[in-house]
Amino acid sequence: MAWALRHATTGELVPQVGAGATICIDYSSPNISKHLAYHHIRSTVIGHALAQIFRALGYRVVGINHLGDWGTTHGMLIAAWKRWGTPGAEAAITVDDLNALYVKFREAMKTEPALEGEGRAWFKKLEDGDPEARALWQRFRDVSWAEFQGVYDTLGIRFDEVRGESAYEAALPGVLAELRGKGLVSESDGAQVVVLEGEKTPLLLITKDGTTLYATRDLAAAEYRWDTYAFARSLYVVDRGQGLHFKQLFKTLALAGHAWAARCEHVPFGLVRLGGKKTGTRTGNVVLLKEVFREAAEDVAAKIREGNPTMAPAEEATATTVGVGAIVFANLVTQREKDVDFDWAKVLSTDGDSGPYLQYSHARCASILRRATAEFGDAPASPADAAARLSTDAEWAIARRLLDFGATVARAGAAAEPHLVCHYLLELAGDFSRGYTAGNGDASLRVLCDDATTRRARLALVEATRAAMAHGLSLLGLGAPDAM
């Protein structure tokens, strides 16, 4: 028990299995000129949790946001702006404007099929370096990133590298030359493709119009990541619908002679379905992620106001922490490849398998420690002294659970499954809840009991539990409030 108490409070329970190795994680990666919608959340929070888990395991982690900022859709947006935009108003454009333009353009294509060719022509100009096309594209990209950054700030996410598909433009001729030199490229209906044994469809590299595709750019990105980082693993946290693409991508890299292709992994996840309470702001049929976060924070704040009508600024911050944490946890707690049904009542509950329940458990530990200081002037006993004093089955159950923390994090990293950490924390919270009370219930299991030596020993276990909860919540991207 002494070992568990000592190392739980320092984070040393996590084995440093990744020391000296690098892991690249491609996650979130939205398309520019659109809002971050709720369906982006799973890639974003699963990828961020994996980045935190691998860092805890000692790896050098390169978190990558591979922006979708290149391709025919961006030519369509430029064409839409040229048709319906206000000349000279580029500086005032918003993501709402860009999304509306794109929706309008796609709708107009139904009655004016020639518009598709207009969009392709503008993308060809963009690839060819046309100054007007480049200037508009850059403005659209900058506006989009500013919008994305607001959501990432809410989640506490910082990427180590933000490189859009456009960053690999200069590398594409070399990639294509490499594939041609190895006899891998053939022509199909005017397009250039890689035919893969056992696959019904080839990997498309160049369209018949002469423009590149995201597969071409993914090949260049993979080579860049290997040349730059020499990764032990390169993870792509992308929904399972892209399974065929990544299968073809990795096969092509292997055929090109890259042994490191075996280190590339698709980390698929299931769909997310938003049910129950709906957010108020929609763009087309898309629920905006920032609106879900806002409503979650407001729901939690309303609950706080029920008991405290004059809510302090610190409590408002806690409402945001808990509301956002609820959304994040709801998208991590299930096995990654399972679909997720979003239910507001369950997500925001402080009972059961929810983020607020874990955050409440952490806050409860912090509250007990504060009360001990205020009422008795006590600090937790040393790990050795506490271990000699604690003897009940309930206390040993908590200590044994603390010992499992490092192994659980290691398993989560190996399997790229953050839900393992979620369930560990739920089990730890359950053990603690069953084992201790702050001052009520069975006197034999009270933390703040009359005997000072026992009290300080139990406080050591409370502090170890609090520290493990805080560490685990941080791995998942959740805040750990000291009061709720």
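What percentage of the 484 residues in the protein is buried? Then take me through helix α8, residues 214-229.

A: This is a predicted model; local features need pLDDT of at least 70, side-chain atom pairs count only at pLDDT 80 or more, and totals for chains, interfaces and linings use all residues. Numbering runs from 1 along each chain as its sequence is written, and side-chain values use heavy atoms, with hydrogens and water left out.

Buried residues account for 52% of the 484. Buried means under 20% relative accessible area, with a 1.4 Å probe and protein chains only. The protein holds 18 helices and twelve strands. These are DSSP runs numbered from the N terminus: helices are H or I with at least four residues, strands E with at least two. The C-alpha atoms fill a box of roughly 85 × 55 × 35 Å along the principal axes. Of the contacts between residues at least 6 apart in sequence, 77% join residues at least 24 apart. A contact is heavy atoms within 4.5 Å.

Now to α8. The helix has 16 residues. From first C-alpha to last, α8 reaches 22 Å, close to the 22 Å expected. That expected span is 1.5 Å times one less than the number of residues.

Which α8 residues are buried? Ala215, Thr216, Arg217, Asp218, Leu219, Ala220, Ala221, Ala222 and Glu223 are. Just after the helix, alanine 230 takes a positive phi of about 45°.

Note on methods:
Buried < 20%, exposed > 50% of the residue type's maximum accessible area, 1.4 Å probe, protein only.
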